[in-house]
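This briefing takes up the disulfides of a protein chain, then turns to a surface patch and to a database annotation. Please keep the sequence and the structure at hand while reading.

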Amino acid sequence: MNISSLKTLVCRPPPPHTNPLKHTHQSLNLLLLPVNLNPPRLKYSSHPHCHVRTFLFPHSLALKMLKCVHSMLSLSFLVTFAACDAPPVPLDDLVIEKTFVPEKCVRAVKVGDFVRYHYIGMFPDGKKFDSSYDRGSTYNVFVGKKQLIEGMDRALVGMCINERRLIKIPPELAYGKQGYGEIIPPDSILHFDVLLLDVWNPEDGVQINTYYRPSVCSRKVEVSDFVRYHYNGTLLDGTLFDSSHTRMRTYDTYVGIGWLIAGMDQGLLGMCVGERRIITMPPSLGYGENGDGSDIPGQASLVFDVVLLDLHNPKDGITVTNQAIPEPCSRKTVAGDFVRYHYNGSLLDGTFFDSSYSRNRTYDTYVGRGYVIAGMDEALIGVCVGERRSITIPPPTWAMEKREQVGTKIPGSAVLVFDIHIIDFHNPSDKTKVNVTFKPQVCEKLTKKGDFVKYHYNASLMDGTSIDSTYNYGKTYNIVLGANQVVPGMEDGLLDMCVGEKRHIVIPPHLGYGERGVTGEVPGSAVLVFDIELIDMEEGLPEGYMFIWNDEVSPDLFREMDKNTDGQVEASEFTDYIMQQVNDGKGRLAPGFDPYRIIDNMFSNQDRNGDGKITEEEFKLKTDEAADHDEL
């Protein structure tokens, strides 16, 4: 038979009040081995209730032993010595039980590594003789450099971060026959419950693991750049010691000039905005032997989970990217112009902080006069109506007073990105701009103040947004020029025009609807654009007149009005007479106004005492006052 192992299992408790060590020796005497045989190799394994010893024998030795015990054993040839719930037997070699193994082994200990671990030291009966937990600090030491007892030196090799081991060390690999003072007796078997928290090597440098990088990376961190980033800082075992997220504020600093620990200075270089990295550093590049005196112990490896939100250099100026430039562009903004524009404002990582679109209103301001932050003031020069730009503004081009106004929406030292759309602009010195798009060949009469004109129009803003159109109503818009019936810019645009003529008119807001605009129709400070066509015109009266005679005035005018010959003219008599003169072509009322309102006004001016009647005396007095042109 091929017999290679022999085990005996005896599951029985030791007799009460017996010496555990003596009892163990008695158990070992169950099997007597020849003295000239090589001792068997011994190993320990874990069992929930029994301590099991397994002896491995050469094939020839197993045959000889079988002859001695054939009456006692079956053909399984498997014999185990055990004592259920008995004290452990003396060890001949190191025993390692892995009581917890993490799913992922971040790093395993090698000879020459420096480790930080917690432990509880016990005797086999469970009596504790030492503990790092009681001291409140880990045990820190190099492995494999004889700074530990030999058994611990060997047992730590291959151990992973956060792994837990029960290490059983025989006396010859511990303190041997000498023991250790009064703490550890001679020939003591030692048990250590070890939890590994940290491992590093003096040759370690910064380790970088980028687990997310944006598809577009237009710029990377360089030495002397200023960065804003969030981080979670942990020890190698995952213990959190700090986080910018909990403070809800980024960490803001220069890179590569010594403002950070050396490992972070190195780990941030080459990062893109939006990139996420795990930066691991040994204590020599972190807080060294002493830690930070608070949450970071001495000789601790550090792990930072970093997301870069922002970067700039103090030498940076604004960056302008043209996204859309209209063709043609007849005019560009200059310093002193008043601009209306829409914008979306965000941080460099895309975090939104403001938008004019959300308020459904443009941002209106002068440019080049310091009314907006310096970077925006600069970027708004040289733009066309309808142009779209992306503007990146570094913190040095901020105005400090503006930072206080924006409050908590914009963090300090943040790079700002504005996507803008120019809606319109003008200069306070602008006048109405008139461009004749069509003029009839025959043009004998030109419009002037006092004329009654009828015209069609299409009205829009500078960006093409439609405001109104007479074509929608199927009728012309009718006004008297010079009577303040339209905005001043339209008055200017309608003067000296022929019937049938067409014009393109641009009206600045100070000649249009001003800063207030028209609620729901025209925004404040908006430039207006009108395409007009003059349909008809009626010549007005001389300036200042509301009624004129076409023929000579009758010398017996009062009696002609006084139909009932009672010596006074009533309002009805006065109205009937004037309307009769107009209908007969002998007189004219100013066109474009309500004729009866004009006549009522004329009657009131003649009725000096306000009694509702005009006497011949009043009439005579009034006829002498040439300044009142709307009189008879």
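A disulfide is here a pair of cysteine sulfur atoms within 2.5 Å. The model is a predicted one, and by this rule the count comes to four disulfides. With the bonded cysteines counted along the chain, the disulfides follow the pattern 1-2, 3-4, 5-6, 7-8.

**Cys 105 and Cys 160**

- The sulfur atoms of Cys 105 and Cys 160 lie 2.0 Å apart in a disulfide, and the link is left-handed because the torsion about its S-S bond is about -100 degrees.
- This pair links distant parts of the chain, 55 residues apart, with Cys 105 in the loop between strand 5 (95-100) and strand 6 (114-122) and Cys 160 in the loop between helix 4 (150-156) and strand 9 (164-169).
- Cys 105 has a relative accessible area of 37% and is therefore partly exposed, whereas Cys 160, at 8%, counts as buried.

**Cys 217 and Cys 272**

- Cys 217 is joined to Cys 272 by a disulfide with an S to S distance of 1.9 Å, and this link is left-handed, with -90 degrees about the S-S bond.
- The two cysteines connect distant parts of the chain, 55 residues apart: Cys 217 belongs to the loop between strand 11 (207-212) and strand 12 (226-235), and Cys 272 to the loop between helix 6 and strand 15.
- Cys 217 is partly exposed, with a relative accessible area of 29%, while Cys 272 counts as buried at 1% relative accessibility.

**Cys 329 and Cys 384**

- Cys 329 and Cys 384 form a disulfide in which the sulfur atoms are 1.7 Å apart, and the torsion about the S-S bond is about -100 degrees, so the disulfide is left-handed.
- Distant parts of the chain, 55 residues apart, are linked by this pair, Cys 329 lying in the loop between strand 17 (319-324) and strand 18 (338-347) and Cys 384 in the loop between helix 8 (374-379) and strand 21 (388-393).
- Cys 329 counts as partly exposed at 25% relative accessibility, whereas Cys 384 is buried, with a relative accessible area of 1%.

**Nonpolar surface patch**

- Val 223, Ile 257, Trp 259 and Leu 269 make up a nonpolar patch on the surface, and together they have about 380 Å² of accessible area.
- Leu 269 is placed in the loop between helix 6 (262-267) and strand 15 (276-281), and at 31% relative accessibility this residue counts as partly exposed.

**UniProt annotation**

- An unreviewed UniProt entry lists residues 549-584 and 594-629 under "domain: EF-hand".
- Over residues 549-584, the chain is 50% helix and 11% strand, and the end C-alpha atoms are 11 Å apart.

Conventions: Residues are numbered from 1 along each chain as its sequence is written. This is a predicted model: local features need pLDDT of at least 70, side-chain atom pairs count only at pLDDT 80 or more; totals for chains, interfaces and linings use all residues. Side-chain values use heavy atoms; hydrogens and water are left out. Patches are made of residues with over 30% relative accessible area and no salt bridge: like charges are joined within 9 Å, nonpolar side chains (Val, Leu, Ile, Met, Phe, Trp, Tyr) within 5 Å. Accessible areas come from the Shrake-Rupley method with a 1.4 Å probe; for residues, only the protein chains shown count as cover. A salt bridge is a side-chain nitrogen of Lys or Arg within 4 Å of a carboxyl oxygen of Asp or Glu. Helices (H or I, at least four residues) and strands (E, at least two) are DSSP runs, numbered from the N terminus. Buried means under 20% relative accessible area, exposed over 50%, partly exposed in between (1.4 Å probe, protein chains only). UniProt positions are given in the numbering used here, feature names are shortened, and annotations may be inferred rather than shown by experiment.
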